[in-house]
Amino acid sequence: MCSDSNLAKLHRLIDDSLRPYTEPDVVSVTKEREILVSLSQVLRQVKLWIEALDSDSDNGVVVGLDCGNECMCLSKILTHLIVLLTVESQYVKHLACNVLAVVSEFVAASGSHWDAFIRLLCDCMDLAITAAVSCSTSTLSTGASDLCSSSLSLILVLKPKVKNGDWSVAAGVVRVLRDILKYLKSEDDDKLVEVFIEAVNSFLSTVPWELLHEIRVGPNADALKCSTADVSFQRTLFLGNLIQFLCSLVEQGGVVDAPGGSLDKHHPVFSRIINLVPKLLRLSLGEQADCVISNNCISQYFKHKLLVLMIRLIVQTCPEFSILVSWLQLIHYYFEELLRQPISTLECNQEDCLEGSPFLSSVSDSEVNSLSSRHLQRQAVFLFLRCSFSLINSNGGTNRKCACASWNLCLDYDSNAELQCCGRKEGLLELNNWLQGHLPTDMLVDHEMYFEKCADFAKSFLQLYIKEDDVLFSVLLQLLCVPCPAEKQFEEERGSFQDSKGNVLFFVSDLFNPVLLFHLFLVELSYDHQVLLDYLISKDTGISCAEYLLRCLRKVCDSWSLFVEFPPSGQAINRSSCKKRKVSLNGSGFCGADLFALVKDSGGLFLEDECDDENKYDFKHTQENFQKAKECLISLKNSIESLHQKNLFPYNPNALLNRCVSLE
């Protein structure tokens, strides 16, 4: 069956079924039932045709096209379906979006005209946004008109029909684009994905972002009983769909190379989305976001999705110095309260309960919000650390003749002024200021308890992330960039602590020492190798856990004595790993420190655990801790070997097994 015949069948089906309802300038909602029946019939028939195409059945009859060419045919198909998105019925809109998504699958399965369809769909999005913001001038892209003259025809026919449309029309098209992206992910066709991303990139460049914050009510507001609140809500719906779509696009777009053999390994759409981040934050969480601010649940959703978007962007790309600095400013402006939340506070008794669980029935709304807040805190802190360490480890913006070009950097009382000369200092300043709010101010004065307090902070930090596996390994991998001094150097620096107390990087390496964190990680798992095995074979955490173990075990071998002598202080640190913790503020026992200024009126944060004796950490016997860790890793090695011999392990574990051999 030729592709012309496929498009002709599709056009005839949709035209015959929907034209009676889409020809009037305003579609009547009174015919909702008839429209739903017709859309359901179209949806079912197109799905049957897709199955026939997939099975290579070629038993159809070629039908002459009712329109001048294939692109014109696609234009008419899209016109019928987009017009139905203007109907004041959520059921009609939902079903029309489903039909659009299925039509896209049919066009892709037909083997041609995919690029024309996607560009025309983006033109529909452009028209919907233009109508929603009531712009006097069109900002339509010209990509589709370069392919065929049907783009102009689409604009002329569709523009008067969507002039009364609101943001829900644009939100519906965004939802269709996201459904198409899901379909492309399942098909694993790089050519289709590349065409799709190119069209979306072109569309994003034409959106009048500066006008989206204006709430305007159209001239037919009285007839449609429209209000400013309604427009604000519909715009919020559009922004939510758009940000969700961009998150999916960034996640999937990472596998697409830059076009034309460019040396830039990332597609230009990444740079465009990075430039959109400040605008999206302002639209969703800024002063103009009236609907969002008044609804805490919507605000939490936007914060979550925007943090996910920023994290995926910074992980997929390597933003330049100026972007990292601007993002840190944005993090402080929009997520400062999350960065300032105590690391160790567990305010809810049922933090382990899943959303919607019956065990949450006795939890108040404020406690449920606390659970969400802890999740947002994990995301915000990880993004902050990623930006800060990216600045520290980057060459951009750093003067190589400056003292901060080396790891040996000390801070004095006027550290903030000293740290503003280059990128590395900018990152160190951010870390320095953040740590001020989470550590006791006598940290560097009480030398005898210094390493114990470092371990205490590291354990609290690890417990913050231990509940979310995917974020946990992202953070642990990020912290592997913290320098872990070799044995001899570590002993020398520890011996000269009095002279090194102003060295920020030395201080950070004590707090986030990879070997210390690895030991604490095993303690949190109760040295259970089965938990590690579950991580390794999990579809969600397998790759990141394997990477973490490979890189961390290498650091363990390079700092063997530190691994054997855990904890470094040689003193007991009795803390519970799975209990409710409470924060007490005690300012009487603190004095000034060279590194940190006093944290407001509080004397710092101390951790007080309520735990049973049987659940305590026991760090008194260093050799016992080392033996438990060693036995855990050897048991893990034996389990992996057993599964691998039976061809039950999901990937080749030889590299990991070789790392474990060195511990025996």
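These legends go with several close-up views of one predicted protein model. Residues are numbered from 1 along each chain as its sequence is written, side-chain values use heavy atoms, and hydrogens and water are left out. Because the model is predicted, local features need pLDDT of at least 70 and side-chain atom pairs count only at pLDDT 80 or more, while totals for chains, interfaces and linings use all residues.

**View 1. The whole chain, before we zoom in.**
The protein chain has 28 helices and 2 strands. Here helices (H or I, at least four residues) and strands (E, at least two) are DSSP runs, numbered from the N terminus. Of its 664 residues, 54% count as buried, where buried means under 20% relative accessible area, exposed over 50% and partly exposed in between (1.4 Å probe, protein chains only). Take the contacts (heavy atoms within 4.5 Å) between residues at least 6 apart in sequence: 78% of them join residues at least 24 apart.

**View 2. Helix 3 meets helix 5.**
Two packed helices are described by the angle between their axes and the distance between the axes. For helix 3 (residues 70-84) and helix 5 (residues 114-133), the axes come within 10 Å and cross at roughly 40 degrees. Axes are lines fitted to C-alpha atoms, for helices over the stretch in contact, and angles run from 0 to 180 degrees between N-to-C directions. Helix 3 and helix 5 are therefore oblique to each other; angles under 35 degrees count as roughly parallel, over 145 as roughly antiparallel, 65 to 115 as roughly perpendicular and the rest as oblique. On the helix 3 side, look for Cys71, Leu74, Ser75, Leu78 and Ile82, which meet Ala116, Phe117, Leu120, Leu121 and Cys124 of helix 5. By class, this contact has 9 nonpolar, 1 polar and no charged residues. Ala, Val, Leu, Ile, Met, Phe, Trp, Tyr, Cys and Pro count as nonpolar, Asp, Glu, Lys and Arg as charged, and the others, Gly among them, as polar.

**View 3. Helix 18 packs against helix 23.**
Helix 18 (residues 450-465) and helix 23 (residues 514-524) have axes 10 Å apart, at an angle of about 55 degrees. That makes helix 18 oblique to helix 23. Helix 18 brings Cys454, Ala455, Ala458, Lys459, Leu462 and Gln463 to the contact, and helix 23 brings Leu516, Leu517, Leu520, Phe521 and Glu524. These residues divide into 8 nonpolar, 1 polar and 2 charged.

**View 4. Phe521 and the largest nonpolar core.**
Which residues have the most contacts inside the largest nonpolar core? They are Phe196, Phe238, Trp434, Phe518 and Phe521, in a core of 194 residues. Such a core is a set of buried Ala, Val, Leu, Ile, Met, Phe, Trp, Tyr and Cys residues joined through side-chain atoms within 4.5 Å. Helix 5 gives the most to this core, with 14 residues. Leaving aside neighbours within four places in sequence, Phe521 touches residues including Leu462, Leu472, Phe473 and Tyr548.

**View 5. Two loop residues with positive phi.**
Tyr527 sits in the loop between helix 23 and helix 24 (529-537), and Asn647 in the loop between helix 27 (622-645) and helix 28 (654-661). Neither is glycine, yet phi is near 55 degrees for Tyr527 and near 60 degrees for Asn647. Buried or exposed? Tyr527 counts as buried at 17% relative accessibility, whereas Asn647 is exposed at 68%.
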